[in-house]
Amino acid sequence: MSQFLSMGGYGGYVWSSFAIFAIVLALDAVAPLLKRRRVLRDLRGRARRAQKRSEETA
Amino acid sequence: MNPLVLWFHKLGSPPYFYRLAGRLLPWLWGLGLISLAVGLYGGLVLAPSDYQQSDAFRIIYVHVPSAWMSLFIYAFMAVNGFIALIWRIKLSETLAMASAPIGAAFTFICLATGSIWGKPMWGTWWTWDARLTSELVLLFLYFGVMGLYQAIEDRRQASRAAAFLALVGIVNLPIVHFSVNWWNTLHQGSTVRLFGPSLIDSRMLWPLLVMAVATKFLFAASLLSRARVDLLELEAGKDWARQVALADGDAA
């Protein structure tokens, strides 16, 4: 196992490359989920305001 | 009308695309993660180490698929930008702009892992060689497209201006690809060839191809996920977007 982790002495280079790959792609996957929460919140606020306006005029 | 053309028109409608993408997404993520696991296991465990570079060569399994994706996504963005400019299809504008950050992410991975690979093999983190410089220009083109899109208030005008920039930047793609042939570079030439035999043992090649497939699926999943949100935002005043938000209200 430690032989596998050492990667023939290049462990630091190999694992940091794979870590960058994993972290950047994970961030790329999470970004639209966060934006989705924000957009849905805005949309619900917009719907509530529209309903209030229509109740006031009625 | 021809059923295929009819389907194409339907696909261009934001609510239809939103529902279709929502159904496809779990499959794309699933296939992406499975092929990623297979490719990583093959690349890190099953592939034999290189006779010259020992285990440092394994960086190829993240570096080269990312490099391929950086070019592939740029071409995808430019094609959608072209469609958006000519036919003013809203979906193409959204797809072009949603693919820019993903392409920038892959370009960044390519540059960062290449730099980490360069240190032990070339003795330097960075050199202003043709391949490295043109890939860096590609990253700046992605940033330019994203920046221009954010800088203009009207969303649709912004995406058309950014699409135009993306089209101009396409001239960089052949430069990146052929840079290793046109100039004397530190970077090695192509190892994997579409035409003719690849210069790599099949035990090392198959995990690389699996990783290439995995990154395609991950791109598709991220793209659809981003395009769905962007369409909701773009069509915030429309009835279908309100219904989606209200239906999702308890879940989120």
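Visitor: Among contacts in chain B between residues at least 6 apart in sequence, what percentage join residues at least 24 apart?

Guide: The share is 77%, a contact being two residues whose C-beta atoms, placed from the backbone, lie within 7 Å. This is a predicted model, in which local features need pLDDT of at least 70, side-chain atom pairs count only at pLDDT 80 or more, and totals for chains, interfaces and linings use all residues. Residues are numbered from 1 along each chain as its sequence is written, and chains are lettered from A and ligands numbered from 1 in the order in which they are written.

Visitor: Which elements does chain B have?

Guide: Chain B has nine helices and zero strands; helices (H or I, at least four residues) and strands (E, at least two) are DSSP runs, numbered from the N terminus.

Visitor: How do you know what span to expect of helix 6 of chain B?

Guide: The expected span is 1.5 Å times one less than the number of residues. Helix 6 (155-169) has 15 residues and reaches 21 Å from first C-alpha to last, close to the expected 21 Å.

Visitor: Which residues of helix 6 of chain B are called buried?

Guide: They are Ser159(B), Ala162(B), Ala163(B), Ala166(B) and Gly169(B). Buried means 20 or more other C-beta atoms within 10 Å of the residue's own, exposed 12 or fewer, and partly exposed in between, with C-beta atoms placed from the backbone.
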